[in-house]
Amino acid sequence: MKIRDILAEGKPTLSFEVFPPKTEDAYDSVEKAAAEIAKLKPSFMSVTYGAGGGTSEYTVGIASAIKEEYGVTPLAHLTCVSSTREKVHHVLGELRERGIENVLALRGDIPQDGSTPKEYHYASELIREIKKAGDFCIGAACYPEGHVESANKSVDIDYLKQKVEAGCDFVTTQMFFDNSILYSYLYRIREKGITVPVIAGIMPVTNAKQIKHVADILNIGKKLNKDEYHKYQMVAENDSWGEPVTEDLDLKKQYFCIKPDKNRAGSKDKIMLFEIDLNLNVWRNIGYIIKRPKNSEYPEGVDWMPKN
């Protein structure tokens, strides 16, 4: 199923991003983790391509297993800056052969030595290639705090518009820590005429040091001050994911920016979890926040919630 059709149904969606193994001997453990997530029946599962395309050979395999063995819609990442056109079309051919309809088109990280084939420079170029290559549903990335290489946020939104005009069907945000950042971003992109669905990407707080490390690399979370970091650290160390959702759990704060009131620009309950370590309590608590009926442990009418 195409993700644009899933998003058009108007229901809350919850998806996971999984990371292919860096080495062949770790493939089985990653596939097992993906299988555990797939059992929870997420709306779809995103499979990364690896920095510099380093794990690209495993992306198609895991995406195919998610679809064929577990019946979950896969979203295969594809990066271009370190690839040739021949390589890109080879991967697209493999995806077509395995019936994988959804591709997240990314520029990808430039290798540390700066050497690339110089056949691609921007994600918008890749989107146009994918559009010509077949009937794919195409996603792209967006950056509420601006891409680390962009001159400013306005220029970054101009690049996003180029991706949309090239043919992307939806976008997924980089992780964020403050509600107002996403709200402001949604208003600004709508003013620029960007109307494709926006999926909010969040990373649950299960490891405070990990959160800070990722934030530093991506140059995000400028409001992640010492007090907030300490709060994250307490949530992680006290394993608060195992407890009922409380007012001070930061995920609840983040969820309110994903499910705003009718007077605010919103992303219509579309959530993607950047989850490095599988934690079923994360899933349970997010589902509990999305729709919390009275006198019920699990949300009513939400068929993707785990029951044990």
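Modeller: Contact here means heavy atoms within 4.5 Å. In this predicted model, and leaving aside residues up to four places away in sequence, Met45 touches Phe16, Val18, Ala34, Ile37, Ala38, Ile66, Val72, Thr73, Pro74 and Leu75. Met45 also belongs to the largest nonpolar core, which has 51 residues, and is among the members that touch the most others, together with Leu78, Leu92, Leu95, Ile130, Val171 and Ile189.

Turning to the strands around Met45, strand E1 (residues 13-18) and strand E2 (residues 45-47) pair in the parallel sense, with 3 bridges between them, and Met45 in E2 is the bridge partner of Phe16. In a regular strand the side chains alternate between the two faces of the sheet. For E1, one side carries Thr13, Ser15 and Glu17 and the other Leu14, Phe16 and Val18, and both faces are covered, with these residues all buried.

The rings of Tyr122 and Tyr159 count as stacked because their centres are 5.7 Å apart and their planes lie at 20 degrees. Since Tyr122 lies in the loop between strand E4 (102-106) and helix H5 (123-133), and Tyr159 in helix H6 (residues 153-166), the pair ties together parts that are 37 residues apart in sequence. Tyr122 is partly exposed, at 41% relative accessible area, and Tyr159 is also partly exposed, at 33%.

How values were computed:
Residues are numbered from 1 along each chain as its sequence is written. This is a predicted model: local features need pLDDT of at least 70, side-chain atom pairs count only at pLDDT 80 or more; totals for chains, interfaces and linings use all residues. Side-chain values use heavy atoms; hydrogens and water are left out. A nonpolar core is a set of buried Ala, Val, Leu, Ile, Met, Phe, Trp, Tyr and Cys residues joined through side-chain atoms within 4.5 Å. Buried means under 20% relative accessible area, exposed over 50%, partly exposed in between (1.4 Å probe, protein chains only). Rings of Phe, Tyr and Trp (its six-membered ring) pair if their centres lie within 6.5 Å; planes under 30 degrees apart count as stacked, over 60 as edge-to-face and the rest as tilted. Helices (H or I, at least four residues) and strands (E, at least two) are DSSP runs, numbered from the N terminus. Two strands pair if DSSP finds at least two bridges between them.
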